[in-house]
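Subject: Structure for you to look at

Hello,

Here is the structure I said I would pass on. Please open it and keep it beside this message while you read.

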Amino acid sequence: MIAAFLKAIPVSDASFSYSLEQLRQMSADVLKLAQAAGATAAEAEVSLGVGQNVSVRLDEIETIEYNRDKGMSVSVFFGQRRGHASTSDLSPQALHDTVAAACSIARHTAHDEFCGLADAALLAHDFPDLDLHHPWNVSVEEAIELARTCEAAALAVDERINNSEGAGVSTYEGLFAYANSHGFNGGYLTSRHSLSCSVIAEQEEGMQRDYWYSAARSAADLDPAEVVGRRAGERTVRRLGSRRIKTAQVPVLFENSVASSLLSHFVSAISGGSLYRKSSFLLDSLEQQVFSPHIRISEAPHLKRGLASAPFDNEGVATHARELVSGGVLHGYMLSSYSARKLGMATTGNAGGNHNLILHSGEQDFDDLLKAMGRGLLVTELLGQGINMVTGDYSRGAAGFWVENGEIQHAVEEITIAGNLRDMFRQIAAVGSDVLVQGSKQTGSILIERMTVAGE
């Protein structure tokens with residue numbers, strides 16, 4: 001019975017009030033409620049999350065936050081009509097009412113020939129241990145001291161750093177179970193922790209700010225607080241004396257911290273929603289040359305401790321390692337079951353997004369890329385969202401550094417970089433070995449052969 005699994009069981013050495021098995025049973029019982037209400041198919045997810053965030057500013061405690069979330073979402077299908085509802089109340093009555101609401105919605109929605117559960121044959125049967133759960137039992141006092149250490153390291157870099165936007169320590173643990181009426185029932189625990197710092201420097205020419213952060217599944221994999229703070233301080237000081245430059249067409253080097261944004265645009269362009277709406281500049285590009293011939297991009301969903309690792313996607317479809325791009329040629333899209341059906345294709349296990357997208361690097365490190373660029377712009381910050389995903393036109397505010405003879409000359413601000421993503425992808429001259437892992441996309445710095453830099 002549902003009631004047996006809705007009773008919270010306090011466990012002194014655990015973060016969650018429910019076990020994974022309890023959540024799996026709860027999601028299964030929600031499906032039974034949907035079936036009893038007449039649904040021909042259903043899927044349900046039950047999730048829990050706990051976290052702690054601590055921040056300090058100028059050595060004073062600024063925030064101490066705790067969050068404890070829970071929720072259940074259910075989708076029901078009456079033939080080809082779908083209804084969806086969710087709740088943050090896990091009481092038996094709330095779950096019953098939520099299922100009833102989803103069923104009521106489904107009875108009033110239009111027939112959609114493409115909706116429905118994922119193909120049963122594609123669902124995951126094996127659940128490898130991806131080492132995604134590493135609780136960080138850091139006390140508030142310890143977190144405060146870590147944040148203070150991080151900020152102090154930043155402030156100590158240079159006497160011109162005279163203000164701070166703060167340093168923070170964040171911890172999070174999540175637990176979820178997903179089930180559908182094909183018989184799939186799975187779930188797992190996750191964690192994600194981070195350290196961050198942002199400071200401000202000032203001299204006669206004006207003020208500048210910058211930041212740095214480190215994120216990982218396990219606190220043991222985070223950069224030390226002193227390293228994060230020092231990096232934030234160094235990045236801030238180097239921006240002092242920024243000035244505009246004259247408009248020109250020059251090579252542009254995207255530093256690793258912003259280079260992943262180019263991968264984000266690529267993912268958007270090959271995602272099912274953009275493709276079936278015909279709102280992508282990479283429409284009908286399968287098996288075509290999209291990038292420079294030396295570019296290779298792979299998806300690795302089973303990386304141990306990967307920030308975007310998962311044994312299955314949001315529909316229970318098994319994830320698999322694959323080569324998305326090799327020799328610059330696009331070999332696959334990112335599709336959910338719905339978008340795949342709209343396109344007459346099969347899901348790629350990407351309901352919910354990409355899983356550890358990796359742009360493979362060459363042997364050149366960051367300094368090598370500067371030398372290869374010779375004269376041009378190093379971009380370290382991007383502003384605004386001037387991207388037209390239909391045409392690929394790209395125009396964003398930027399800040400960074402002007403480079404002459406392979407060496408950084410001075411900081412640059414109040415400029416715009418412009419081009420077209422189709423051309424930019426094909427003009428990737430090199431990818432640096434300075435790979436940065438801070439999220440679901442991994443890449444080193446990216447050198448583009450030529451873009452328009454608009455300044456004075």
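This is a predicted model: local features need pLDDT of at least 70, side-chain atom pairs count only at pLDDT 80 or more; totals for chains, interfaces and linings use all residues.

Helix packing

Two packed helices are described by the angle between their axes and the distance between the axes. Here the pair is H2, which covers residues 20-36, and H3, which covers residues 92-108. Their axes are 10 Å apart and meet at an angle of about 50°. That angle makes H2 oblique to H3. The crossing of H2 past H3 is right-handed.

Which residues make the contact? On H2 they are Met-26, Val-30, Leu-33 and Ala-34, and on H3 they are Leu-95, His-96 and Val-99. Six of the contact residues are nonpolar, one is polar and none is charged.

Aromatic rings

The count of aromatic pairs comes to 14. One of them joins Phe-127 and Phe-312. The ring centres of Phe-127 and Phe-312 are 5.8 Å apart and the ring planes stand at 85°. Planes over 60 degrees apart count as edge-to-face, so the pair of Phe-127 and Phe-312 is edge-to-face.

Where do Phe-127 and Phe-312 lie in the chain? Phe-127 is in the loop between H3 and helix H4 (140-155), while Phe-312 is in the loop between strand E8 (297-299) and strand E9 (322-326). The pair therefore ties together parts that are 185 residues apart in sequence.

The two residues can also be described by their accessibility. Phe-127 has a relative accessibility of 41% and counts as partly exposed. Phe-312 has a relative accessible area of 3% and is buried, because buried means under 20%.

Phe-127 and Phe-312 also belong to a cluster linked by ring pairs, together with Phe-176, Tyr-178, Phe-184 and Tyr-188.

Arg-305 is not a glycine, yet its phi is positive, near 65°. Arg-305 sits in the loop between E8 and E9, which is also where Phe-312 lies. With a relative accessible area of 30%, Arg-305 is partly exposed.

Asn-356 is not a glycine either, and its phi is positive at about 50°. Asn-356 is in the loop between helix H8 (337-343) and strand E11 (357-359). Is Asn-356 buried or exposed? Its relative accessible area is 0%, so Asn-356 is buried.

Regards

Key. Residues are numbered from 1 along each chain as its sequence is written. Side-chain values use heavy atoms; hydrogens and water are left out. Axes are lines fitted to C-alpha atoms, for helices over the stretch in contact, and angles run from 0 to 180 degrees between N-to-C directions. Helices (H or I, at least four residues) and strands (E, at least two) are DSSP runs, numbered from the N terminus. Angles under 35 degrees count as roughly parallel, over 145 as roughly antiparallel, 65 to 115 as roughly perpendicular and the rest as oblique. A crossing is left-handed if the near helix is turned anticlockwise from the far one by less than a right angle, and right-handed if clockwise. Contact means heavy atoms within 4.5 Å. Ala, Val, Leu, Ile, Met, Phe, Trp, Tyr, Cys and Pro count as nonpolar, Asp, Glu, Lys and Arg as charged, and the others, Gly among them, as polar. Rings of Phe, Tyr and Trp (its six-membered ring) pair if their centres lie within 6.5 Å; planes under 30 degrees apart count as stacked, over 60 as edge-to-face and the rest as tilted. Buried means under 20% relative accessible area, exposed over 50%, partly exposed in between (1.4 Å probe, protein chains only).
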